[in-house]
Amino acid sequence: MSNESTSADVVVIGAGLSGLVAATLVLEQGRSVVLLEASDRPGGRVRSLHDADTGTVLGDLGPTWVWPPYQPVVIEWLQRLGLHTFPQFETGRAALDYGPEAPVQFQTVPGQHGIARIAGGPQALIDALVAKLPAGILSTGVAVTAIRAGDEEIVVETSGTTCRADQVIVAAPLRVAEHAINWSPALGDDLFRALKETPTWMSVHAKALIVYPSAFWRQAGLSGRIASRAGPLAEAHDVSGQDGTPAALFGFVGWPHEMRAVNKDRLETDIIAQLVRCLGEAAAQPTHIHVEDWAANDLICTPRDRAEAMKHPDTGPDVLRQTHMQGRVAFAAAETSKISPGLIEGALAAGMRAAGQVLGSQP
Ligand SMILES: Cc1cc2nc3c(=O)[nH]c(=O)nc-3n(C[C@H](O)[C@H](O)[C@H](O)COP(=O)(O)OP(=O)(O)OC[C@H]3O[C@@H](n4cnc5c(N)ncnc54)[C@H](O)[C@@H]3O)c2cc1C
């Protein structure tokens, strides 16, 4: 039974990038907003490791890259929030790793055109958006459990509260919205199927961040890039700050999630052994190592995501970009976007589209 009741013009569910953008734009038009986030922090898939003493961002645990020449919506929001990008560090040779029994080969490999990093990481986008929210809009640690639509209003339930609203923007991952939220009346078949069948990009992956006192690989003429057939890191990249500090590498873990879950300590030891093999003895002395396993996060990854091989995101069906429940509900997750679905740019664009829909400026 709910014991506390609030109301707002618009409830936004999920304070990842898309939910934060949607809430910002709706607030700007003078409508009242309640922004409900199930986890204990905003950001969703955008997450950074911070230095425990100074609070400095040490590196990204979620997304790292944007592609400004191809992503006008990213440029628009970076300008709006006063942020800038710098090129991904690609100078020097990459290490091609065939495992402990074979010599590592070093080779210059071309970087991707336009690939860039946001100064401060994508976390800077989240921090800037959260800083602009008026006090009291964002509640963390509040998981939405049910959405009930009536003729006059829509009721959003959490464990212990209800919030009455005119409209709702669902910015939780689509499969999570289908799996964890009780919908009344039941969702239409087309929408139900689309939510279930749209994987959440990168949700089944794990990212390792390894921080060092200096970017020693750069001095050795290496880019920090590793391509490996042996693992545990299938690939690694330099993720140091713009001026080389903090010095860090990140890698995508090649082990499947079942193996990661039961071998956490061995995973870190094996990652360090791989980095020593590829980059030299200095790799044995990191100041921090952190593996963020997104498959273990039930607010991002569902059993269905864990059961399927991850495919690169496609543009989903139009039903994901339409309003539902008599125009009262719009979906905003990155995977609903027509441009850059699943990516940072998709999250920004989808948040903008959903805000426009509830504000009535788009059909
Ligand atoms: C490891 C990794 C690497 C990536 N690399 C890149 C990259 O390099 N470049 C790029 O462009 N993109 C990348 N991405 C994708 C990018 O992170 C996403 O596109 C973007 O962050 C999605 O934002 P979102 O707001 O749509 O969803 P999310 O960030 O998933 O936010 C959804 C929010 O909803 C909350 N929520 C869930 N259920 C509930 C509930 N019941 N009630 C309330 N709140 C709820 C969640 O806690 C979460 O905060 C990467 C993602 C990962 C995981």
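Which helices and which strand each supply at least two residues of the shell around the ligand? In this predicted model, the contributing elements are helix H1, strand E5 (65-66), helix H4 (174-180) and helix H10 (344-359). The ligand is surrounded by 41 residues, the closest being Gly14, Gly16, Gly44, Pro63 and Leu343. By class, the shell comprises 27 nonpolar, eleven polar and three charged residues. Residues of the shell come from both domain 1 (1-46 + 122-201 + 313-363) and domain 2 (48-121 + 204-296), and the ligand therefore lies between the two domains.

Helix H1 (residues 17-28) also packs with helix H3 (residues 123-132): their axes come within 10 Å and cross at roughly 30°. Because of this angle, H1 is roughly parallel to H3. The crossing of H1 and H3 is left-handed. On the H1 side, the contact is formed by Leu17, Leu20, Val21 and Thr24, and H3 contributes Leu125, Ile126, Leu129, Val130 and Lys132. Seven of the residues in this contact are nonpolar, one is polar and one is charged.

Backbone geometry was examined in several loops. Serine 184 and proline 185 are joined by a cis peptide bond with omega of about -5°, and proline 185 is located in the loop between strand E14 (182-184) and helix H5 (189-197). A cis peptide bond also links threonine 245 to proline 246, with omega of about -15°; proline 246 belongs to the loop between strand E17 (233-238) and strand E18 (247-253). Methionine 325, a residue other than glycine, has a positive phi near 50° and is placed in the loop between helix H9 (303-307) and strand E20 (329-331).

How values were computed:
Residues are numbered from 1 along each chain as its sequence is written. This is a predicted model: local features need pLDDT of at least 70, side-chain atom pairs count only at pLDDT 80 or more; totals for chains, interfaces and linings use all residues. Axes are lines fitted to C-alpha atoms, for helices over the stretch in contact, and angles run from 0 to 180 degrees between N-to-C directions. Helices (H or I, at least four residues) and strands (E, at least two) are DSSP runs, numbered from the N terminus. Angles under 35 degrees count as roughly parallel, over 145 as roughly antiparallel, 65 to 115 as roughly perpendicular and the rest as oblique. A crossing is left-handed if the near helix is turned anticlockwise from the far one by less than a right angle, and right-handed if clockwise. Two residues are in contact if their C-beta atoms, placed from the backbone, lie within 7 Å. Ala, Val, Leu, Ile, Met, Phe, Trp, Tyr, Cys and Pro count as nonpolar, Asp, Glu, Lys and Arg as charged, and the others, Gly among them, as polar. A residue is near a molecule or strand if its C-beta atom, placed from the backbone, lies within 6 Å of it. Domain bounds come from an automatic or database domain assignment.
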